[in-house]
Structures are given as structure tokens and as C-alpha cells.
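Subject: Structure handover

Hi,

Here is the structure you asked about. My notes follow below it.

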Amino acid sequence: MLGTDFSTGSPDWLDLGSPDTEGAATFYGRVFGWDFVTAGPDAGGYGFFQQDGKIVAALGPLTEKGAATAWNIYFDTPDADATVRAAEQGGGRVRVPARDVMEAGRTAALTDPGGADFALWQPRSMPGLERTSQKNTLVWIELHTADPESALAFYGTLFGWRWQAMEAPGMTYRVISTAEGDVQDASFGGAAPLQPGAEQARWIPYFMVEDADRTAASVVESGGSVPMAPEDVPDVGRIAWFADPFGAPFAVLKPAM
């Protein structure tokens, strides 16, 4: 599962682009108990979701032309400019070129060859998320794409990721790990083929919860929706997919004990 000792290719930041940041802050505050703290008057409405004073995610207004509300996953890189060049050479698309975020770090927004959006974070004064893999924090990420093998080959050239295929009901699931360390300990996400009727390739964040069914009820009570009701996955836990009131998809996981 995810940690905060980041290395190349680790998911190290997560933010939500929303058309209504005040409404989104209220929704996630009700569902996960997060506090929203602004990054300051020069941040353009950007701020941080916190749990006990620790950053667990971030939130800001939509800034890209034509962008839809979504959670954005950032991957750690020691050189954002070099990773952008490698992504272009591998068939990816640059949506926002590499740029500095004050003294915090350097970032870029990209789209992989299969159509899934992702971002880069080259840390400086801000290493990344301060809490993961605990109650109501990021615990797993998942890529849904038409051709998982090709997609992972692309990311492998950028970050050196490793992956292992495993059979799941109706599909082959690929568990992804960073380049270094024990494969299981370094795993942080997975890749799955798009299901029939799925609209687009995308990365989905999973947040750890104590009770997926209770969280589903809270999502509905707070104005969100439940595209996939809670269900058990053998040896994994109980999962569910939700959408916030403005349409951003996310998922939760109650890990198997």
C-alpha cells in the first residue's frame, strides 16, 4: 500500500479540480471528515485537505480549458522536464508544460497514449502528501485503460515501474510497483482493462475506509452518487465507486483483515 517515503514513480500528490471548490470542500468534509485550508491569497483558490493537520489531498478550481472535474494523481520524478520529454517521445501528450510552483516543486500535466490524464511532481520544499494508507486517506490508485500492457510499457519507460499479472473475475489485473525494493512492499496500484460501456481511460484514487457501506450512505446524504455499490473482492476487501456532487469519480476500499 501507499506510503509517504516517496521514490521515482510513487504517487506523491493528489488534487481535485472542481467547478465548485466550496461545495467540494463541504462534501468531502462530510464524507471523510477532512478540513480544507487555503494555500493563501496568491494560490488562486488552491488549498489543502487535512486530517489532524496532515495534508491528505488538495483542491482547486478547474484551470485547463474544457477540463472536466476529476481527481488528479501526481507521480514523483527527480526531473520533471526530462520526464515530459520522455512522455512525448513515448506517445504521450503534454497538457501543461513543466513549471515551478513557487518553492514547493515543479509540476506538469500529461495524458498517456491511451487517454488517461496524469501529472508529475518534482519535489523541493513540499515532498508530497503527509498521510496515506490510514482511515479516510489515499491507499491505492487504479488505471482503467483499453490496453493495460501498452499503457504500463509507457509508464515503465518514464518511471521504471514493475508489474505482476494476476487473474481476477472476468479479467487480468496487473499490480504495479515502483522500481526499487520488494515488489509487494513497493506496490501502490493496479491496472485493469476498460469494462464494456466505460467512457474513457482514467486513473481512479481509492481511499481507505472503515465501513464502505456507511461511507456509501454518507456520499448519498451529502449529494453524491454511487455508480458501483459496495461489494466484496476476495482477498482484497470491500470496495465501492462513487461520484461527488459535481461528477468527479473516486473509490473506497475497506481492506480485508
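**A buried aspartate**

Asp 112 sits in the loop that runs between strand S7 (105-111) and strand S8 (117-123). Keep in mind throughout that this is a predicted model. Asp 112 is buried, yet it has no salt bridge. Arg 95 is the nearest side chain of opposite charge, and it is 9.0 Å away.

What does the side chain of Asp 112 meet in a polar contact? The side chain of Tyr 155, at 2.7 Å. Leaving aside residues up to four places away in sequence, Asp 112 touches Gly 92, Phe 118, Leu 143, Phe 154 and Tyr 155.

**Helix H1**

Helix H1 covers residues 21-32, which makes 12 residues. From first C-alpha to last, H1 reaches 16 Å. That is close to the 16 Å expected at 1.5 Å a residue.

Which residues of H1 are buried? They are Ala 24, Ala 25, Phe 27, Tyr 28, Val 31 and Phe 32. These residues lie on the same side of H1, because they cover an arc of only 165° around the axis. The face turned away from that buried side carries the exposed residues Glu 22 and Arg 30.

Both ends of H1 deserve a look. At the start, a side-chain oxygen of Asp 20 comes to within 3.3 Å of the backbone nitrogen of Glu 22. Just after H1, Gly 33 adopts a positive phi of about 75°.

**Salt bridges**

How many salt bridges does a search of the whole structure find? It finds 11.

*Arg 106 and Asp 81.* Their side chains meet in a salt bridge at 2.8 Å, N to O. Arg 106 is in strand S7 and Asp 81 is in helix H2 (residues 80-89), so the pair ties together parts 25 residues apart in sequence. Arg 106 is buried, at a relative accessible area of 16%. Asp 81 is partly exposed, at 29%. There is also a network here: salt bridges link Asp 81, Asp 100, Arg 106 and Arg 124.

*Glu 149 and Arg 174.* A salt bridge joins these side chains, again with an N to O distance of 2.8 Å. Glu 149 belongs to helix H3 (residues 148-159) and Arg 174 to strand S11 (residues 171-177), so this pair ties together parts that are 25 residues apart in sequence. Arg 174 is buried, with a relative accessible area of 12%. Glu 149 is partly exposed, with 38%.

*Arg 238 and Asp 213.* The closest N and O atoms of this salt bridge are 2.7 Å apart. The pair links distant parts of the chain, 25 residues apart: Arg 238 is in strand S15 (residues 237-243) and Asp 213 is in helix H4 (residues 212-221). Arg 238 is partly exposed, with a relative accessible area of 23%. Asp 213 is partly exposed too, with a relative accessible area of 38%.

**Loop residues**

Two loop residues have a positive phi without being glycine. For Asn 136, phi is near 65°. Asn 136 lies in the loop between S8 and strand S9 (138-145). For Asp 235, phi is about 65°. Asp 235 lies in the loop between strand S14 (225-233) and S15.

Are these residues buried or exposed? Asn 136 is buried, with a relative accessible area of 11%. Asp 235 counts as exposed, at 80% relative accessibility.

Met 102 is in the loop between strand S6 (93-101) and S7. Met 102 counts as exposed because its relative accessibility is 61%, and the cut-off for exposed is over 50%. How far is its C-alpha atom from that of Ser 177? The two C-alpha atoms are separated by 30 Å, and the residues are 75 apart along the chain.

**Where to start**

Then turn to the network of Asp 81, Asp 100, Arg 106 and Arg 124.

Best wishes

How values were computed
Residues are numbered from 1 along each chain as its sequence is written. This is a predicted model: local features need pLDDT of at least 70, side-chain atom pairs count only at pLDDT 80 or more; totals for chains, interfaces and linings use all residues. Side-chain values use heavy atoms; hydrogens and water are left out. Helices (H or I, at least four residues) and strands (E, at least two) are DSSP runs, numbered from the N terminus. Buried means under 20% relative accessible area, exposed over 50%, partly exposed in between (1.4 Å probe, protein chains only). Lys and Arg count as positive and Asp and Glu as negative; His and the chain ends are not counted. A salt bridge is a side-chain nitrogen of Lys or Arg within 4 Å of a carboxyl oxygen of Asp or Glu. A polar contact is a pair of N or O atoms within 3.5 Å; within protein, one must be able to donate a hydrogen and the other to accept it, and residues adjacent in sequence count only if both atoms are side-chain atoms. Contact means heavy atoms within 4.5 Å. The expected span of a helix is 1.5 Å times one less than its number of residues. The arc is that of the directions from the helix axis to the C-beta atoms.
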